[in-house]
Amino acid sequence: MRIAVLCAALVAFLVPRDVGAQSLTLTESDALARLSADNPRVRAIRAALDIARVDALAAGRWPNPRVNWDRQSVAGVTEHLVTVAQPLPITGRRGLDVQAASARVAASSNRIDDETRRLRADLRLAFADLVAAQIRERELTTARDRLRELADILAKREAAGDAAGFDRLRAEREVLDVDADRAVAATERARAQANLATFLADVIVPSLLVAIGGSTPPVPMLSLEALMEQAETRRGELLAFREDLEAARLSERAANRSLVPEPEIFVGTKSSTVGGGDIGSVLTVGGGDIGPVVGVHATIPLFDRARPERALATARAAQAKAGADRFRLVLGGQIAALRGVVVARRDVATRYRAEAVNTADQIARIAQVSYDAGERGILELLDAHRIGTSARVRQATLDAAVREAEIELEFTSGWEIP
């Protein structure tokens, strides 16, 4: 009884807790759909936009009114002056500041869009990595099972005296080698699952993730000029540089408007005890004189002529233009390189599938027939099995390389490959 309890405890400890749990099967579209606005990684990127909007709010606020009370007492005469002053931004500088701040918010929004697209591209790369890892593990598992069947058949033949012990031992050694490769592939698959799970906030057990890859025929590649045109209209960084340039121009116009004085109008009342009353009698009927006060203040731009503001706006405009030119130069090289990589990898993967993978099973069948007929040895039969497994595993790697290059080209150029 104690032995049974001990065995049950060992089984409960050694069996993974997620065994029996339902796997989460996802396509690439399903994974992208889970990267919603509520995802923590998306919220972390979007949070910067709220900070940028504060500048627009600050630029658009009206100045607060000022209340002033002044008491003067000379030779028995006391005067009280109460005024309310309000600056009037009527030169248009405030509106230009608001437009410049809004342009900077638009620039931040475009850069955030680019960061979000980069996040989506990274998710797709992680998904493609998991698809390839699953295929490699599956192919190695299938190869191991086939070799185990072969080893079992050879063991039976050896027992019947129809096969040598060397053949069985060599087949069993091949099983061990393939199973070791399968174990390595399983760890790569677990790593890819954990990497993909970092993009999906609601995934608790990464080992339950199963990626379903789609196979579609390659579409014709756009020309380099067409890809650059796509990048001009889709890349958020380029659009952000344009908004930065517009914000700098608006800031320069606002700095020029600051040379025009903005008035500050004030109104109020003035009371005096010159008629013989005191402060208490001034506030009562017949105790003194009370009259209105109206005035205008203005700041004369004699010393501060907004030179730093104009210089800052000019420098920011130059910076935005230089940044856009540099980005276009780098972008052109990246698009040209990625386009060439996609075309080359597609060609290699297509040729390898036609010339290597499609003939692998045929080579294995011929080797098996020749071995059964006594025309070839066990080493040649195992080599045929190894060639087939290696071809299918390498094909998965080539397909993953094609997908990786396509995703990078999509992000860099903004062209969504159908």
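# Close-up views of the predicted model

**View 1. Helix H4 and the second largest pocket.** Helix H4 makes the greatest contribution to the lining of the second largest pocket, with eight residues. This is a predicted model, in which local features need pLDDT of at least 70 and side-chain atom pairs count only at pLDDT 80 or more, while totals for chains, interfaces and linings use all residues. Residues are numbered from 1 along each chain as its sequence is written, and side-chain values use heavy atoms, with hydrogens and water left out. Helices (H or I, at least four residues) and strands (E, at least two) are DSSP runs numbered from the N terminus. The volume of the second largest pocket is about 950 Å³, where a volume is the space filled by probe spheres set on grid points joined across faces, edges and corners. On a 1 Å grid over the protein atoms alone, a pocket is an open set of points where a 1.4 Å probe fits, with protein on both sides within 12 Å along at least five of seven lines; a cavity is a set from which the probe cannot get out, and lining residues have an atom within 4 Å of a point. Of the 37 residues lining the second largest pocket, Arg-93, Asp-97, Ala-254, Ala-255 and Glu-309 lie nearest its centre. Two or more lining residues come from each of H4, helix H7 (236-257) and H9. By class, this lining has 20 nonpolar, five polar and 12 charged residues; Ala, Val, Leu, Ile, Met, Phe, Trp, Tyr, Cys and Pro count as nonpolar, Asp, Glu, Lys and Arg as charged, and the others, Gly among them, as polar.

**View 2. The largest pocket.** The largest pocket holds about 1100 Å³ of space. Its lining comprises 37 residues, with Gly-214, Ser-215, Thr-216, Asp-399 and Arg-403 nearest the centre. At least two lining residues are supplied by each of H2, H4, S4, H9 and helix H10 (378-413). The lining of the largest pocket contains 17 nonpolar, nine polar and 11 charged residues.

**View 3. The nonpolar cores.** The largest nonpolar core contains 24 residues, and those with the most contacts inside it are Leu-119, Leu-123, Phe-127, Leu-196, Leu-200 and Leu-209. Such a core is a set of buried Ala, Val, Leu, Ile, Met, Phe, Trp, Tyr and Cys residues joined through side-chain atoms within 4.5 Å. Buried means under 20% relative accessible area, exposed over 50%, and partly exposed in between (1.4 Å probe, protein chains only). Apart from neighbours within four places in sequence, Leu-196 is in contact (heavy atoms within 4.5 Å) with Leu-123, Ala-126, Phe-127, Leu-130 and Leu-209. A second, separate core has 17 residues, including Leu-140, Ala-143, Ala-185 and Ala-384.

**View 4. Val-178 in helix H5.** Val-178 is placed in helix H5 and, at 10% relative accessibility, counts as buried. With neighbours within four places in sequence set aside, Val-178 is in contact with Leu-140, Ala-143, Arg-144 and Leu-147.

**View 5. The aromatic pair of Phe-241 and Phe-327.** One aromatic pair is found in a search of the whole structure. Phe-241 and Phe-327 form this tilted pair, at 6.5 Å centre to centre and 55° between the planes. Rings of Phe, Tyr and Trp (its six-membered ring) pair if their centres lie within 6.5 Å; planes under 30 degrees apart count as stacked, over 60 as edge-to-face and the rest as tilted. Phe-241 belongs to helix H7 and Phe-327 to helix H9, so the pair ties together parts that are 86 residues apart in sequence. Both Phe-241 and Phe-327 are buried.

**View 6. Ala-306 in a loop.** Ala-306 has a positive phi of about 60° although it is not a glycine. The loop that holds Ala-306 runs between strand S6 (289-297) and helix H9 (307-372). With 5% relative accessibility, Ala-306 counts as buried.

View 7. Arg-94 is located in helix H4 and, at 26% relative accessibility, counts as partly exposed. Beyond its neighbours within four places in sequence, Arg-94 is in contact with Ala-59, Gly-60, Arg-61, Trp-62 and Pro-89. Arg-66 lies in strand S2 (residues 66-74) and counts as partly exposed at 45% relative accessibility. Not counting residues up to four places away in sequence, Arg-66 touches Thr-83, Val-84, Ala-85 and Glu-264.
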